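Dear colleague,

Please find the structure handed over below, followed by my notes on what was found in it.

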Amino acid sequence: MDKLIIEGGVKLKGEVIISGAKNSVLPIMAATLLTDDACLIKGVPELRDTNTMVKILRSLGKGVEFNKGMVTVATLKNTNYVADYKLVSTMRASFCVLGPLLGKLKKAKVSLPGGCIIGVRPVDLHLKGIKALGAEISIDSGYVLAKAKKLKGTHIYLGGVYGSSVLATDNVMMAAVLASGKTIIEAAACEPEVVDLAEFLNKMGAKISGHGTPTIEIEGVKHLHGATHTIIPDRIEAGTMILTALITKGDIIIKNVLLRHLGALIDKLEEAGVNIIKTDNSIHVSYKRPLKAVNITTLPYPGFPTDMQAQMMSLMCVTPGITIVTEKIYPDRFMHVAELNRMGAHIQREGPHAIVEGIEKLSGAPVMASDLRASASLALAGLAASGKTSISRIYHLERGYENIESKLEKLGAKIWREKE
Ligand code: EPZ
């Protein structure tokens with residue numbers, strides 16, 4: 001296993017290009033199961049998770065090539081309907097093969113994804129939606145078995161205790177596109193990644209409208225064909241890069257971004273006193289003066305994303321004043337708190353809140369990555385800290401940030417990898 005070493009204190013400067021969105025490409029790759037035709041997906045980031053999805057599609061009978069950001073998916077043999085525990089347990093997003101397998105084959109056996117370090121992550125909403133479409137569901141030996149003679153469009157309310165669910169919306173939408181009649185999903189997730197999936201499905205011949213709002217309407221069709229699609233830029237990578245510029249007191253131009261996807265973060269940063277120069281598809285962030293502490297509350301899109309909470313906390317650790325961070329999506333997503341405190345931060349966890357007292361400087365330390373965004377927050381803290389930080393278990397970072405070391409290195413960071 002590798003660890004990442006960062007010698008902090010360098011002001012990062014230059015340009016960086018954002019990769020395609022991980023959380024968009026994974027369900028879109030799964031959606032190719034809905035057709036026997038070939039599909040081409042462009043702008044696919046080279047990540048541990050995209051490679052896992054390639055393996056899953058191959059295990060289900062697809063021929064998949066992944067080269068230079070392009071994924072082609074073709075049908076090699078009859079689609080297999082069983083998604084194995086070994087693959088599904090390594091990545092929760094693989095559970096979204098359930099909807100397309102069921103839609104296409106009318107049966108699917110998919111391993112339950114299991115526990116997760118960021119908290120309990122149930123799949124009740126996925127199953128509720130799929131059941132409403134007429135599937136019989138049983139759970140046996142850790143697998144969900146779903147089958148139906150035919151799927152029938154219906155009215156589904158998909159809101160849960162913590163609001164809407166991104167992957168449940170994806171799963172139900174993918175099961176419904178080939179159902180007979182009209183499906184209405186209420187309390188649907190509005191995340192840009194759900195919209196990207198709906199647009200890909202429409203290119204395949206689906207009839208989806210309302211995506212991007214809480215009410216999605218799907219007019220079932222008999223059959224879907226192949227399609228070509230380019231993945232939207234990763235808004236979480238873009239946000240992480242904005243915070244990299246600020247925490248290192250640097251000056252970075254971030255290219256290939258969709259500003260409309262970054263509203264809540266930019267609004268918070270402007271409240272903190274940051275001046276962000278925006279053009280059509282780029283953002284220029286330059287540190288000019290000390291920031292102000294700002295409270296954040298994570299919410300479903302278009303609210304402040306839970307996937308930016310840890311990175312924003314790192315920035316607030318070195319911002320004078322008190323910040324209250326409230327996590328409303330995953331109340332236990334605070335694994336980074338103890339590690340940031342090892343670097344000298346003053347953070348107190350109180351249930352779903354963390355209270356951060358900003359200090360002048362963090363100091364480098366050996367820390368451990370626990371999940372993807374926690375790893376990003378530790379890398380940010382390490383870039384700003386005095387001295388050396390070593391981050392163990394960086395495979396978490398490889399799940400979601402394409403070429404992160406070389407991108408940071410090009411901006412001037414002193415960063416390298418060592419064997420544990
Ligand atoms: C997606 O996960 C993302 N993953 C997550 O990104 C992201 O944190 C999350 O959405 C929220 O934005 C992918 O898109 C691959 P949810 P998902 O279902 O869809 C509860 C990252 O770092 N819930 O929207 O699994 C759930 O426990 C990751 O890139 C139920 O109660 O999340 C949570 O409290 C991590 N029952 C809330 O809903 C269900 O059946 C929202 O979760 C499903 C979810």
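**The ligand and its surroundings**

A nitrogen atom of the ligand lies 2.6 Å from an N or O atom in the side chain of Asp-124, a polar contact being a pair of N or O atoms within 3.5 Å, where within protein one must be able to donate a hydrogen and the other to accept it, and residues adjacent in sequence count only if both atoms are side-chain atoms. An oxygen atom of the ligand is 2.7 Å from a backbone N or O atom of Leu-125, and a polar side-chain atom of Arg-92 is 3.1 Å from an oxygen atom of the ligand. Taken alone the ligand exposes 820 Å², of which the protein buries 93% (areas by the Shrake-Rupley method with a 1.4 Å probe; for residues, only the protein chains shown count as cover).

Please bear in mind that this is a predicted model, in which local features need pLDDT of at least 70 and side-chain atom pairs count only at pLDDT 80 or more, while totals for chains, interfaces and linings use all residues. Residues are numbered from 1 along each chain as its sequence is written, and side-chain values use heavy atoms, with hydrogens and water left out.

The ligand is surrounded by 24 residues (a heavy atom within 4 Å), the closest being Asp-124, Leu-125, Ser-165, Asp-307 and Ile-329. Both domain 1 (2–19 + 233–419) and domain 2 (22–230) give residues to this shell, so the ligand lies between them; the bounds come from an automatic or database domain assignment.

**Helix α5**

Which helix gives the largest share of the shell around the ligand? That share, 3 residues, comes from α5 (helices are DSSP runs of H or I with at least four residues, strands runs of E with at least two, numbered from the N terminus). Within α5, Leu-125, His-126, Leu-127, Gly-129 and Ile-130 are buried (under 20% relative accessible area, with exposed over 50% and partly exposed in between; 1.4 Å probe, protein chains only). The buried residues of α5 pack against elements including α4 (98–105), β8 (136–140) and α6.

**Ser-286**

Ser-286 is found in strand β17 (residues 282–286) and is buried, with a relative accessible area of 12%. Its side chain makes a polar contact of 3.0 Å with the side chain of Lys-288. Leaving aside neighbours within four places in sequence, Ser-286 is in contact (heavy atoms within 4.5 Å) with Gly-250 and Asp-251.

Best regards
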